[in-house]
Amino acid sequence: MSEFITRRVLWMVFVLFVVTVITFILMHAVPGGPFSTEKALPESTIEQLNEKYNLDDPLVMQYVEYMKDILIPVVMTGQQQKSLDHEYLINISLPFDDNATLRWVNFGPSYKSVSRPVNDIFRENLPISAQLGVLGVLIAACIGIPLGVIAGLKRNTVYDYAGMGIAVLGVSVPVIIMAPVLQYVFGVLLGWLPVTGWGEPKQMILPTFALGFSQSAVLARLTRASMLQVMHEDYIRTARAKGLRERRVVVVHVLKNSMIPVITVIGPMLAYLMAGTFVVETIFAIPGMGKFFVTSITGRDYPVIMGTILVMAIFLVLANVIVDVVYAWIDPRIRFT
Amino acid sequence: MKTVRRLTVLVLVMVLVLPTFAGVTSAQGDGKSLVTAYGVGDPHSIDPQLGIDQRDMTLITQLFPGLTWQNEESRDVELAMASSYDVSEDGKTYTFHLLEQVPWVRYNADSGEVEALTDDSGAPRYVTAADFVFGWTRALDPVTAAPGAYMMAPYITGAAEFNAGEGSADALGLKAVDDYTFEVTAPEAVGYVLGIYGLGTARPVPAWAIEESGDVWTEPENIATYGPFALKEWSHDESITFVKNPFWPGSEGIGQANVDELTIRFMDESVQLREFEAGGMDVIYAPATDLDRIRADSTLSSELSIVPDLCSQAWGFNTEKPPFDNVHIRRAFSYAVDRQSLIDFVTKGGEIPARWFTPPSISLAPTLEDNPDLGIAFDPEMAQQELALGLADLGLESADDLPAITVVFGNTELLSATAQALQVMWEEALGIRVELSALDTTTYWSTLEEDAGQIYRAGWCPDYNDANNYLRDVMRSDSLYNYGHWNSPEFDQIVDEARLLTDPEQRRELYAQAEQLMVVDEAALMPLYWPITAMLTQPDVTRTYATTHIEAYWKWDLNQ
Amino acid sequence: MATTQVQGQPMEPVAAPDNVVQLRDCEQGRSLTADALRRLVRNRAAVLGAIIIVLNVFVAIFAPFFAPKGYDEASFRDNNAVHSWMTHVFPNMKPVSEGGYVTVNDDYLLGADALGRDLLSRIIYGARVSLAVAFIGPAISLSLGLLVGVTAGYMGGKVDNLLMRLVDIMYAFPTYLLIILLMAFFRFAKPESGTFAGALSDLDAALGGMFFIFIGIGLTSWMGTARLSRGLVLCVREMTYVEAARATGARTGWIIVHHILPNIIGPLVVTETLNIPSYISYEAFLSFIGLGVNPPRPSWGGMISEGAQKIQTYPFQAIFPALALFMVMFAFNFLGDGLRDAVDPRLRGVE
């Protein structure tokens, strides 16, 4: 197993490397640059800006510089000038000198918001997206799993159709519609909840519901399918045959066993949602990271594009590895290949 | 049962992953505070030399007032950091006498107070002429790469060379005569230069603060400002919060702030409206899509303000691409656009149909009262005639033989609606079906400079209040913004002459000629309408209504 | 070895991961037999779903016959007009005559949009985009996913490892960048007709700009299918009948076509059906961020995201296309669930 994990981690590094290269090439191939604005800047100003950000270097050099700033830790001593160049995500004080620090991981500055390092986005916006994502998945689970269980237990009855209907409703009503309606009803008409923002528990209710409801169908459907499968497994029949009470059979055996696939799905779902969701964040004016996936690309903010895609890639690859491992761990029938 | 136990562990782990979130309640003081909104996404910068758009300039002006201020309603140039000025006889040298003893300040998050800053010896730091020289030199320094430098450069001796990396900073026509006397020399005498000297890029900045904090000096803990407001908080991409700066003495153009705190949020317009209706915001931009309802609603309509602004919506023809290399075809397309319908049924804000490019409220632009016959307007018959002439010129039988016409545009809601409306109008009036092609906005902008499409969008908002900014700066044959490569020596000559004349009436006359040449005789541009700014203001707020997109937040007040 | 699928929409997980079929069931065989079809037909919800879909396809194909007006027939004067019945359903939309702001015009059964175009007609024409996406999405996903998944699963070893890492890379691929790049190339640069690029450009123009949505879906959809089909191949490969065929010296291609594909196609079809709603909402999302079809061509996603901007003022402009979308999503969901139940061998004879 440890060999399996080592190999997967090595592959993971390779995958991330390729993702950064592809992203880097693509983003420079796309027409327009960070300084293409609605009101064009003179050629000479663009040249000056390119020089300032080293965008006039050969692409390979730019890539190497960029990766160097992220990967190679540096030790800094003495009084440090405040600067975006010295903006590292990890700062460890070293014991041998008062001012010496080991600094690691610098994702560079944002070209669009000039006094802001990309690291700031990870420090300030990513945690908000992560909160939103985790709460969203919790809500999705709270809505989706019970609906799936009911639908599974009462297959092809009104309960089944109604339960799945509610879940599918969530996935079928676009968040672009659901979110404004929620805002209007609970914020404007009733005045119970704030319309926008993030931070106070009250502000979290509408966005997490909008997000969770839209994801609940996946879990509901999966739970239902899994319940149906497990209920016809031999050991359940055996349990029934032994004369166990139906309630106990359902709770102890069916429910627990049918949660396995559900949990393996929640992992990647979390990975996606924690990295941020554009629509929900835009409509509820939540300062999360999801917006940056789109705005960095439309604005050609190169370091932000690289940073966000890299984080997304890490989340996804990790989620896939973890799922593989967890899946094998839960279900001993699966071999590590 | 092992599986079950493992599952339980997993669930537990997942629940523990849930981050603990503490409720952050923003404590509101007893003072007056306002919440407004401006645009989506983070501002580029609040560093005067690095700001780009009108929102950046709005924020910069609250913190770093310029020598002059263009009144947001009357558009007159007023004095701000300058208390008076003298002009040399040749009109090229301006000597500004600055407000004295205006301290550099910073908001102290621990004490919750705005504090005047002192130097190492404890002496107060005041805004001086040296700060102006530093700021202006920094703006022109190619290393700074200031987006607004090119606008200042023609009006300061030696600036163009210095900005191009050839001259030296010492040769610039900038001089700190004494602490509070700042002298600027221009290579030519132009009438509107006071407005230029008040541009957002032309502001003083604290050399010592920039020295200390480098490129992060505009963050609240590092910044030093002196205007009516000080920077309290900047949650990037979310909001900026200003507090009143009690040390700002106030001047003719820029008075002291009336409110104690002002928050500017960056969010989607339709979301702003819902937040406004829920009572969460004091002043917002009214989304054009909801104007019908706002006007009919008894409460909202009383809170709605619509003021014409200084921008202009137009589309241009690429005069190098067939069929628009033919002037008759260009005219036919321009005559075929029913501007009034576009305004009444599509944009809906009560905009003014544009007969020419420069909005009449721009200084020295032709006005509708004095020039009833100037410019172009919807005329389907003329459109047909011009089309026939054009086809004859090209030796074509019918409009079907024209080369295919594709309108490429940046995919925003307004432009998409405009393009679709124009498509219908052209089909109705000329029987020509153009293809539409939506691009992502940045791609579109970047293609404009290299290779504009047959028809391109040519909207403009002014940098300073003079017709020169619309005509010479945009449409002269060598202008960066003349994307259609329209080349008219006659036009160039008129606008060059008008720029340096001192008699306003003569200049006004010439600009009217230039407009007629550009939009009718040569039909290089197709003016559409002069837009408006629509805002909603809660009844307990008193404010001014900027026509310049640069708000005077210090004038806003909350009636309690 | 897990077969968890993540529907690859890095930025907008509309209906993200779905793990409908468990690998451990492969040995029992799940295929689209006549038996399964019979069971499907008995499932009322699934049948209803199928009927709705067929009707929609019919309407979309013959849109000019069903639509009262052309999708780009604009009468500016009637912008945002509503039919009189709508003023009763949406109480905030009071007609001008009653002091409200809404123009009433009974020519438009479902009202008119901001440029005075018949909303019903636009919804009918808009079905073309959504349904094209609904069928082309799975087509791309299945063809690419099967190719990669079967190759990886059957070849095993290094090939398998490489292909699966390719899948990992594609999960994090910056799809929007590529869409924007291709759009700039095909929509703006307009390559010469006659070349391959020119043909693609013409194709996009003919499709009203749908081409890029297909590309986007293609790029984000096939990885789950590849993982799933690889997993299925891995265990089918060891089955006795495959071993037997191999022992008799059958060629690889023959084995794949005759023994492997028939045994894995069932679960794949089921999964794809269940993924269709997420393809459809992907189109809506692309429209929302401005990468949708070319105007004036309507698409439900485009209409919804445009209408959502003014949902308080003219709610019908978002709600009617959303209802259409909702109906089709609902149909595909129930059809997908029904299909899965039908091919699940454990459920045989349950009823």
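How many helices and how many strands does the secondary structure of chain C come to? The tally is 13 helices and 0 strands. Keep in mind as we go that this is a predicted model. If you read along the sequence of chain C, the pattern you get is α-α-α-α-α-α-α-α-α-α-α-α-α. Chain C has 351 residues, and 58% of them count as buried. Now take the contacts in chain C between residues at least 6 apart in sequence: 73% of those join residues at least 24 apart.

Let's move to chain A, where the secondary structure comes to 12 helices and 3 strands. Its C-alpha atoms fill a box of roughly 80 × 60 × 40 Å, taken along the principal axes. Chain A has 337 residues, with buried ones making up 52%. For contacts in chain A between residues at least 6 apart in sequence, 69% join residues at least 24 apart.

Chain A is also divided into domains: domain 1 covers 54-108 and domain 2 covers 118-330. Where the two touch, 6 residues of domain 1 of chain A are in contact with 6 residues of domain 2 of chain A. On the domain 1 side of that contact, you'll find 3 nonpolar, 2 polar and 1 charged residues.

What about the strands? In chain A there is an open sheet of 3 strands, in the order 1-3-2, with antiparallel pairing. Strand 1 (74-76) and strand 2 (90-93) of chain A stand at the edges with a single partner strand each, so one side of each has no neighbour in the sheet. From one strand to the next, the twist averages 25°. As a reminder, strands of a sheet pair through backbone hydrogen bonds, either parallel or antiparallel. Here, strand 1 of chain A and strand 3 (residues 101-104) of chain A pair in the antiparallel sense over 3 bridges. To pick out one spot on your screen, go to A:Met76, whose bridge partner in strand 3 of chain A is A:Thr101.

Next, look at where chains A and B meet. The contact takes 55 residues from chain B and 54 residues from chain A. On the chain B side, helix 1 (2-17), helix 4 (149-152), helix 8 (269-277) and helix 15 (441-451) each supply at least two residues. Which helix of chain B gives the most to that side? That would be helix 15 of chain B, with 8 residues. Sorted by class, the residues on the side of chain B that touches chain A divide into 24 nonpolar, 18 polar and 13 charged.

The largest nonpolar core has 360 residues, and the ones with the most contacts inside it are A:Ala210, B:Met152, B:Ala336 and C:Ile304. Helix 13 (residues 316-343) of chain C gives the most to this core, with 18 residues. Leaving aside its neighbours within four places in sequence, C:Ile304 is in contact with A:Pro174, A:Ile176 and A:Ile177 from chain A, and with C:Ala284, C:Ala318, C:Pro321, C:Ala322 and C:Leu325 from chain C.

Technical notes
Residues numbered from 1 in each chain as written. Chains lettered and ligands numbered in written order. Predicted model: local features only at pLDDT ≥ 70, side-chain atom pairs only at ≥ 80, totals over all residues. Contact = placed C-beta atoms within 7 Å. Helix = DSSP H or I, 4+ residues; strand = E, 2+ residues; numbered from the N terminus. Nonpolar A, V, L, I, M, F, W, Y, C, P; charged D, E, K, R; others polar. Buried ≥ 20, exposed ≤ 12 C-beta atoms within 10 Å, placed from the backbone. Core = buried A, V, L, I, M, F, W, Y, C linked by C-beta atoms within 7 Å. Domains from an automatic or database assignment. Pairing = 2+ DSSP bridges. Axes fitted to C-alpha atoms, helices over the stretch in contact; angles between N-to-C directions.
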